Amino acid sequence: MEKNLALVDCNNFFVSCERVFRPDLEGKPVIVLSSNDGCAIARSNEAKALGIRMGEPWFKVKDLPKYRDVVVFSSNFPLYSDLSNRVKYLLADFSPVQEVYSVDESFLDLTGFDDVKERMVAIRETVAKRIGIPVCVGVGPTKTLAKLANYVAKKHPRSKGVFHYNVLTEQQKSGLLKQIPIDEVWGVGRRLNRSLISRGIETVYQLREADIRTMRSRYGVVMERLISELRGISCIDMVDVSPPKKQILSSRSFGGVITEIDDLENAIAFHATKIGKQLRRQHSIAGM
């Protein structure tokens, strides 16, 4: 039986959370800033269209005329966490197996259901109606292809927020993957993207069709698994509970230049305390 793995992704999540309580902002450019109001960490589609980049230091560009109508919010992580939990709680109604991948993404195993397409539409409609958060749903036989299906659901208006990769013919699958750039593949970062392009691999289709032995010898077993996933062979299992983090990071931008050592020491102490709490919560110890 072919697997039907779904990735449910909340659209522009932090911005969508703010719009739940400010529906008048629908259709307007909105951004959410990091702690201390340093950088843009979430952008509405309208803000993206204006050219605001992820991680943009807001204080450097906020006075530009083209950004005068942008609505700016300070981050409210307790609110975002609460709404994230509500979304995950709702998703449990659609599948007995859910893997929480991040604050705004979850994998669901829909294998065995005979109403997968209807279930995808119901997920999108239910979350929007009961919580007010827009989501996109992509389904594929592997996690990697589910991520790519979600990318299509989000980027192409005709999909109306849902895309089922498994129902395509082989010719349609190949045609689709030829249109998706290689950096949209789950796990392909900047360095790997540059390396693959230098070898003439620019699309997902080209990576799927690459010689798997040669690619393993150059990039290791992770690349072999990635290509197998693109070929529809599941190599990344669903996990019901996320494993303890092997690295804990607390990182924030300062609102301005720091010139006093006391200010820097206080900031470091604050973040060290926060990390310590996370470490104890997952019953781990620090190796360095």
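A: R19, E26 and E46 are linked in a network of salt bridges, a salt bridge being a side-chain nitrogen of Lys or Arg within 4 Å of a carboxyl oxygen of Asp or Glu. The model is predicted, so local features need pLDDT of at least 70 and side-chain atom pairs count only at pLDDT 80 or more, while totals for chains, interfaces and linings use all residues. Residues are numbered from 1 along each chain as its sequence is written, and side-chain values use heavy atoms, with hydrogens and water left out.

R19 is buried, with a relative accessible area of 13%, whereas E26 counts as exposed at 57%; here buried means under 20% relative accessible area, exposed over 50%, and partly exposed in between, with a 1.4 Å probe and protein chains only.

A search of the whole structure finds twelve salt bridges, and two others can be described in the same terms. R22 and D24 form a salt bridge at 2.9 Å, N to O; R22 is partly exposed, with a relative accessible area of 34%, and D24 is partly exposed as well, at 40%. The side chains of R208 and E209 also meet in a salt bridge, at 2.8 Å, N to O, where R208 is buried at 9% relative accessibility and E209 is partly exposed at 44%. In general, side chains of opposite charge can pair when their charged atoms come close.
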